[in-house]
Every structure is written in structure tokens, then in C-alpha cells.
Amino acid sequence: MLTTRERMEIHRESPQCASCHRFMDPIGLALDNFDVTGKWRSLENGMPLDTRGDFYDGTPVQTPAELSSALLKRPLPLVRTFTENLMAYALGRRVEYYDQPAVREIVWQAEADEYSISSLVLGVVKSDAFRMKRAPLAAAEDQAGTGTEPSRDTQ
């Protein structure tokens with residue numbers, strides 16, 4: 001039974017994987033004391049957890065508090081990534097290159113509110129990408145097969 005750190009070290013041996021994991025692993029390892037249910041733990045498979053890592057800017061991180069401090073030193077990448085994920089969830093699709101101006105605008109507007117969650121959510125909801133999202137065609141296709149007209153909501 002390997003620990004999370006040991007599994008990640010094996011995975012990072014592949015150069016294709018190492019390029020991303022160099023950035024992700026210190027974040028995950030700093031949070032490794034939380035199990036899948038969010039309960040604090042100090043052992044994994046009977047072994048003491050090793051949560052040490054170096055953030056991408058060289059800052060050592062080992063605890064959730066140290067991770068939080070490292071992330072908040074440069075909030076913009078964190079807020080942009082959060083906004084992209086929020087937008088992807090709201091749109092039901094990946095955020096594409098053509099969505100990036102909207103993401104930047106949402107983050108820029110949210111700065112005045114100290115990047116509050118509500119300002120980010122409102123920014124996504126007010127974005128053209130969200131407001132002009134098309135309804136799935138499946139409902140219209142299902143109704144077309146029954147001989148009934150699709151409702152205006154599904155067109």
C-alpha cells in the first residue's frame with residue numbers, strides 16, 4: 001500500500017505528467033491531512049503523512065495555512081482559475097479560448113469587491129456566454145419524433 005506522496009512520485013516519473021504535477025502536487029500534498037470525508041488524519045496506510053512541498057514560486061508549503069498564505073500572495077491566478085471552473089460549471093462545457101476575455105472581465109470587475117464569491121457568480125451569470133447559452137436540442141428532437149411541436153423554450 002503506497003501513500004499518496006509515493007503514488008505521485010511514481011506518476012511524476014513520466015515527463016508528460018511531471019510538467020503539470022510540478023504545480024499541482026504541492027497543493028494536494030499540503031491538503032493531504034484531510035481524508036476523503038474531510039476528517040483530519042496524520043497517518044495514511046499506517047505511515048506518517050509527509051505533506052511538504054514547494055509551491056511553483058519556490059515557497060515551501062506543508063500545511064493548509066501555509067498553502068493559503070502562498071495562494072493569497074498572488075490572488076489573480078487563483079481567482080482566474082476559480083472563475084474559469086465556475087463558468088465551465090455554469091455553461092455545462094469547457095471554457096474555451098474565446099471565453100477568456102469574459103473571464104478576465106469578470107475577475108477585473110470582482111476586484112472592487114475583493115473577489116467575493118457573489119461578485120464572481122454574478123459576473124458569470126451576467127456574461128454573454130451564460131445568457132446566450134443554447135438549450136439542448138434533445139428535447140426538440142424527442143418531440144419532433146412524436147409529431148408534436150417543440151415548445152418555444154427548447155428552440
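**Briefing: a bent helix and its salt bridges**

Asp25 has a relative accessibility of 6%, so Asp25 counts as buried (buried: under 20% relative accessible area; exposed: over 50%; partly exposed: in between; 1.4 Å probe, protein chains only). This is a predicted model: local features need pLDDT of at least 70, side-chain atom pairs count only at pLDDT 80 or more, and totals for chains, interfaces and linings use all residues. Residues are numbered from 1 along each chain as its sequence is written, and side-chain values use heavy atoms, without hydrogens and water.

**Helix 2**
- Helices (H or I, at least four residues) and strands (E, at least two) are DSSP runs, numbered from the N terminus.
- Helix 2 bends by about 50 degrees at His21 (the angle between axes fitted to the seven residues ending there and the seven starting there).
- His21, Asp25, Pro26, Leu29 and Ala30 are buried in helix 2.

**Salt bridges**
- Side chains of opposite charge can pair when their charged atoms come close.
- A salt bridge is a side-chain nitrogen of Lys or Arg within 4 Å of a carboxyl oxygen of Asp or Glu.
- By this rule the count is nine salt bridges.
- Asp25 meets Arg12 in a salt bridge, at 2.4 Å from N to O.
- That pair links distant parts of the chain: Asp25 sits in helix 2, and Arg12 in the loop between helix 1 and helix 2, 13 residues apart.
- Arg12 is partly exposed, at 26% relative accessibility.
- Arg5, Glu9, Asp50 and Arg52 are linked in a network of salt bridges.
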